[in-house]
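Take a look at the model first.

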Amino acid sequence: MLLKRSIPKIRSLYWVKPWQQVDWLLLSLPIALTIFGGIMIRSTELNQELSDWRWHWIMGGIGLAIALVIARIRYENLLQWHWVTYAIINISLLAVMIAGHSAKGAQRWINIAGIPVQPSEFAKVGLIITLAALLHKRTASHLNSVFRTLAITAVPWGLVFLQPDLATSLVFGAIFLGMLYWANANPGWLILMISPAVAAILFSIPWPFPISFTRDLTFGPLGLVWSIAMGLVGLSTLPWRRFALSGLGALTLNVLGGELGLFAWNHVLKDYQKDRLTSFMNPNADPLGSAYHQIQSRIAIGAGELWGWGLNKGPMTQLNFVPEQHTDFIFSAVGEEFGFVGCLVVLLVFWMICQRLLHIAQTAKDNFGSLLAIGVLSMIVFQMVVNIGMTVGLAPVAGIPLPWLSYGRSAMLTNFISIGIVEAVANCRQRQKY
């Protein structure tokens, strides 16, 4: 009798054992967001003959199945294939430039069996694996390792930037910086890496008076102050302190970054990219053009007030006043139909996902697993902050989807693959004793 009773228990343990150490809370939270995202997408499509919400759930189911399979494998196997992974993502990005098709001013998609695929999304995961493998062998506590990592990141970053896909290239940068920080890079070095981009912005602000050295070298005083400050950072953190070369090099780098930024603004960036970067600062300057998306999004979120209008009852959502509401601006539908409380719940779920990712990074059995978790954390946090920021008018419209909520087949699979890799890290930890 006891043997018969124990047989079902033994069978259940047999099926559960491959996932015994999986973080089920981390897995269940993206599932909940995917289900809720499908509901919100359907709400934006009630008055249209679209079924993107069905595809959202289908791709979510496929992504979940892939994540469960990945969670069973030993993630250390990725170490042996990281250069192959790196080659695949670069070849796929090159294939997009050669044989891809364009939409909305960018060439980002390639058809596979009649299905449009966005390789830059999957390249995020490939970059995380590659950087984790490199930093696992040699931490970022030395500049040689930092420069090596930077050079390897620059190749896929450049290919994505040339599509042009500025938003995804920024995600690559966030992954790179987050993983370097976790790999013991000096925070001053990270500041110096992003300082030329900041200088490019500050140099374009001439108030209260411009500074001119030559006819071609003119910039605002804020750029000069920033460059001097970065020179001091370089002097205190870089190893080449003899003859103050580190401080002088950092200052020069920021001056060149500012001038290159002005050149890129005038000769490289497309008009729609410029509009996205500037419209959020002064949306009333072009309310029916480049700022239309953000203005309508803010109105929709504000109209939701505390509790919202209710599912399928938001007037802005149902009358399609917010463009791209099922993709990049899905958070505005949440704000209108579920109000401030609904937005807080969504933010709480994302916070819990980030907390679980950080916990796995801290408890991983080796540096490689820890870096994989931090890379995924950096990717999720950056996309969430930028997407929600642009819907409320605190960031420019960057074309970054909200993970698991926005419609996007490639993005959905990428997010679940990332979670699957982190679950594999969790599943291979030492069994905890209670």
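K124 and E121 sit three residues apart, about one turn, within helix α6 (residues 119-137); helices (H or I, at least four residues) and strands (E, at least two) are DSSP runs, numbered from the N terminus. This is a predicted model, in which local features need pLDDT of at least 70 and side-chain atom pairs count only at pLDDT 80 or more, while totals for chains, interfaces and linings use all residues. Residues are numbered from 1 along each chain as its sequence is written, and side-chain values use heavy atoms, with hydrogens and water left out.

Q: What makes K124 and E121 a salt bridge?
A: The closest N and O atoms of K124 and E121 are 2.9 Å apart. A salt bridge is a side-chain nitrogen of Lys or Arg within 4 Å of a carboxyl oxygen of Asp or Glu, so the label applies. As for the helix spacing, an α-helix has 3.6 residues a turn, so residues three or four places apart point the same way.

Q: How many salt bridges does this rule give?
A: The count comes to four.

Q: Why is the contact of R356 with D23 called a salt bridge?
A: The closest N and O atoms of R356 and D23 are 2.8 Å apart, which meets the cut-off. R356 lies in helix α15 and D23 in the loop between α1 (2-16) and α2 (24-44), so the pair ties together parts 333 residues apart in sequence.

Q: Why is R356 called buried?
A: R356 has a relative accessible area of 17%. Buried means under 20%, exposed over 50% and partly exposed in between (1.4 Å probe, protein chains only), so R356 counts as buried. D23, with 7%, is buried too.

Q: What makes L306, W307, F340, L344 and L347 a patch?
A: Patches are made of residues with over 30% relative accessible area and no salt bridge, with like charges joined within 9 Å and nonpolar side chains (Val, Leu, Ile, Met, Phe, Trp, Tyr) within 5 Å. L347, in helix α15 (residues 330-363), has 33%, so L347 is over that area limit. Together the five residues have about 530 Å² of accessible area and form a nonpolar patch on the surface; accessible areas come from the Shrake-Rupley method with a 1.4 Å probe, and for residues only the protein chains shown count as cover.

Q: How do you know that the span of helix α13 is close to the one expected?
A: Helix α13 (residues 292-303) has twelve residues and reaches 16 Å from its first C-alpha to its last, close to the expected 16 Å. The expected span is 1.5 Å times one less than the number of residues. Among the buried residues of α13 are Q294 and I295.
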